[in-house]
Amino acid sequence: MSSRTFVGRDADLDALRAAQRRTRAGLPGVVLLGGEAGVGKSRLADEFGRVAAADGAQVLVGQCLELGEEGLPFAPFAAAVREALRRHGPAVLDGREAEFARLLPELLREPAAVTGREGAPGHRGYLFEAVTELFARLAETRPLVLLIEDLHWADRSTRDLIGYLVRAIRPGPVLVVCTYRTDELHRGHPLRPFLAELDRVRGVERLELSRLDREGTAAILTDLLGAEPPGTAVDAVHERAEGNPFFIEELAAAGDPAGCTSLPETLRDLLLTRVERLPEPAQRVLREAAAGGSRFSHDLLAAVARLPEDELEDALRPAVAAQLLVADPDGGYAFRHALVREAVHDELLPGEHARLHARYAAAIEAAPQLVAAGRAPAEVAHHWHAAQDHPRALVSALAAAADARTRCAYAEQSGLLERVLRLWEQVPDAGERAGMDHLALLEATLRATSAAGDYVRALTLSRAALAEVDPAAEPVRAARLLAGRGRMIAVLGKGTGADELREAYRLASAPPPDGGSPAPDARRIRLLAEIGAYLAASDPNEGGRVAAEALAEAERLGDPATLTAAYLASCRCWSTDADSESGARLDLLRRAEELARSTDDPSALVNVLVNLSDALFEQGRYAESAESAAEGCTVARRYGISRSTGAFLLSNRAEALLALGDWDEAEATCTEAARLDPIGTLGLHWLELRARLRLARGEDGGAELARRALGFLGRPFLHPQQRLPLCELRMATALARDDRVAAVEAAEAALADPAVPAVARYSWPVLVAVARVAVLADLPELAARAGQAASGLRRDFPAEAAYAAELSALLADVAVGPDPNAAAGPDPDVAAGPAADVAVGPDPDVAAGPAPVVPAGSAAERWRAAVAAWRRDGQPYPLATVLLRQAEAAAGAGDRELAAAALSEAATIAARLRAAPLTDRIGTLARRVGVRGAAPALAAEPGGGAAPLTAREREVLRLVTEGLSNSQIARQLYISPKTASVHVSRIIAKLDVANRVEAAAVAHRLGLLNPVDGS
């Protein structure tokens, strides 16, 4: 019996409809619909789907399977994509059948076409992007609702894809609703941390269904019984069912509700009472069906039941009539509720349990078409494991793991290999059956676990593998394990990993037993390169020596791929403190880039572009840096490594965009990095950059982002390039909240860092920040220490020269002690002194020579030099800040004309960047010195929008007017489709139009595509 009345869920339905309305307004929408088993999640989801469809939305439904963590990956998405394909035809896949064949193997006849290039990192990220873009395309025509049921049964890959979709889906009419059982989430359930992660994502809403009250119970019983039951019956059912709709239905179906007190105490007993009413043949078939899962095909059940067709149908008919089983459209059956199947399955006798699961495994092995395409390996492994046939369970788990690898389902591959590890000791001839020894299995599991991003478990596996390997007999094998362990320790921030890396080098470079030199071997040389690159993080000299050795051997070998790895390692270890070396480093990176492109090695190319974009940024070539990083992001997404190496590219691009003043696109790039949620310290750079951006704009969340980033300072090891920016951020955060005590403490801690002043690129911003604190707190001694630390720092690149000039001016300010908030008046000249003699770097357009020293003079002269230096560098925000300081100094000297000009230029920059705190400071100074019109509000576009279009938004708008889709715009501009979508949404909002067509019309009518101010 099933109630047709929708009871007690009006408020919940309204919440879902409100979420859908928000998505139509351009906000992302995800609802996590939780509740205990039987409380009505599916009923509510079905009702909402019906209402949404009636409102014009298209609804796709997918269901997770109860095969466990090692089950069939991506099952609900396969169902949703299959339904979209059925409705819209092959054109909906946009020619990307090869990617979608990982979900729907029936799309391609040749499995090899799906697997891709052997040894490639896989197309997991590309698959995720393809699915996301499919849903976005569908939503362009009609609002889309994606219902994913039974998330508590989801495998790791399904959760990963949901997490990616939640973070990556463009703002628009797409609503994702996921149901899950709250009473299934025991302490160790993998869904618990996943839900906690989703809670932090903007646009995600939790909705938990409560039990029905007594009136709700009465309404359901009235509908089921066809008449209003006595009050005693309602009370009895409500007490037993505790408001659970499914329990209410089952109690009503079991007999007279008034007599329900005679029923068994537990729900299982209640469910089995219904089963026991069936004829014995029907009960037997139900037991056989329960071993196959909640859904099964008729042919599969026939193969397991071993009954003539007419007898099987006669046995099934009572179960269907009692609605214990329901027929599905694909010609199979499903248990009406999973709890029914679980109750029946739990009643199987031990021998019966093993025998039935063995029958299922054998039947599927003999005829894989009995299950849905792609399900056979996972189902066979599940059934042999449930049958406790350890030898077959071991072999089938290995086969399923291999299949999972071809689907880029690394977590499932890891789980299946972990099962093999557990079975190893229980199968005497495990090595022969597996075709590998235990150490090889550990190594394979370690690789899969690392690919899945579970570095904590990978560390444990590496320790177990190292305990089994014989370093004397297989030194390179042991060295590879040690190097990987050292790398993971460093990435997790648990230490430097230097001890492991040094031992790995000792083993990899050990002479052979005959006493000669190691034979040239590409894999060993690449291992040496990896050791050198990661060892340099803790010991640059030692790492550089190992990298140089790898490069020498690679050049002798002449293998292009090996040379690329060696070049990269050398570049990562290269000291750039000498100007003569910086050009050589860039040349070496260009050679590595050429080799990576010529050998068609995407992984190597991504690594090259990481280092190249970083080197270009250091030299002040910000546009080239952003372009290189953008290309690397595209390659990383295509080959599924966005969450590892690709994370560097995203943050490098965001850093370059910040420097260029393209803050909106930098924010979008940081958002993309946040969705990927890189592991360990890989997620630090974007977090720090986004915190800086939010603080500079005075936006909500800046302090929280800074707090999260500064939490990394508590880790045992951070590279100076990670730690020093955090020291600067700590001071900036304290100054933003006007906490001078905390700012001074942060400044003292920064000066105590041993990396200051050893690493010039990251020390300059820290020392300038210390000087700002010293000026604010009037601490000349603190400023003097910053100046002393800066005295020997390199000043070869534009930004370094600009920081030096700014530091010189700040030191002079703190020596004289001007009050920046004082009324305008004469300012005495700054006396010459040691603190005022910080050298300003040479103009990059002038021939090399000794760095000039700013002559002793007025504060205005020093700030004029700082302004000139930041103009040469080209970063607008630092330029605006020193323009403000120049205006303060000019006002103090009585030069109102210079103060007005500096304030006006600073205000224009701050307005364009939407740097609200800086704009406020400019306005305050302008009022105090009597300069009018120096802090204009954001100018509106002619179309009536709230803010002007940026240069990049004009580019995007031009492509929109040409009719390009977001994906096509992304390819044209070397950005992600998500970033393109963000730009389009902002353009539509700024122009105050409803869609892309109206935006194009406004652009043409108002001439918004014409060059403005040289852009």
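What follows is a report on salt bridges, charged patches and a few local features. Please keep in mind that the model is predicted.

**Salt bridges**

Let us begin with the charged pairs. The structure holds 59 salt bridges.

| Pair | N to O separation |
|---|---|
| R477 and E443 | 2.8 Å |
| R653 and E665 | 2.5 Å |
| R871 and E905 | 2.6 Å |

The side chains of R477 and E443 meet in a salt bridge. This pair links distant parts of the chain, with R477 in helix α24 and E443 in helix α22 (residues 438-451), 34 residues apart. R477 has a relative accessible area of 18%, so it counts as buried, the cut-off being under 20%. E443 is buried as well, at 14% relative accessibility.

Next come R653 and E665, whose side chains also form a salt bridge. Here, R653 belongs to helix α32 (residues 645-660) and E665 to helix α33 (residues 663-676), and the two are twelve residues apart. Both R653 and E665 are buried.

A salt bridge also joins R871 to E905. R871 sits in helix α41 (residues 859-873) and E905 in helix α43 (residues 896-913), so this pair ties together parts that are 34 residues apart in sequence. R871 is partly exposed, with a relative accessible area of 44%, and E905 is partly exposed at 25%.

Salt bridges can also form a network: R585, D614, E618, R761, R794, D796 and E800 are linked in this way.

Which residues form a positive surface patch? They are R405, R447, R480 and R523. Of these, R480 lies in helix α24 (residues 475-491) and is partly exposed, at 32% relative accessibility.

A negative surface patch is made up of D299, E309, D310, E311 and E313. Helix α15 (residues 309-321) supplies the largest share of this patch, with four residues.

**A helix and a strand**

Helix α17 (residues 350-366) has 17 residues and reaches 25 Å from its first C-alpha to its last, close to the 24 Å expected. Its buried residues include E352, H353, L356 and Y360.

Finally, V326 lies in strand β7 (residues 325-327). V326 is partly exposed, with a relative accessible area of 31%. V326 and R336 are ten residues apart in sequence, and their C-alpha atoms are 6.0 Å apart in space.

Key
Residues are numbered from 1 along each chain as its sequence is written. This is a predicted model: local features need pLDDT of at least 70, side-chain atom pairs count only at pLDDT 80 or more; totals for chains, interfaces and linings use all residues. Side-chain values use heavy atoms; hydrogens and water are left out. Patches are made of residues with over 30% relative accessible area and no salt bridge: like charges are joined within 9 Å, nonpolar side chains (Val, Leu, Ile, Met, Phe, Trp, Tyr) within 5 Å. Accessible areas come from the Shrake-Rupley method with a 1.4 Å probe; for residues, only the protein chains shown count as cover. A salt bridge is a side-chain nitrogen of Lys or Arg within 4 Å of a carboxyl oxygen of Asp or Glu. Lys and Arg count as positive and Asp and Glu as negative; His and the chain ends are not counted. The place of a charge is taken as NZ of Lys, CZ of Arg, CG of Asp or CD of Glu. Buried means under 20% relative accessible area, exposed over 50%, partly exposed in between (1.4 Å probe, protein chains only). The expected span of a helix is 1.5 Å times one less than its number of residues.
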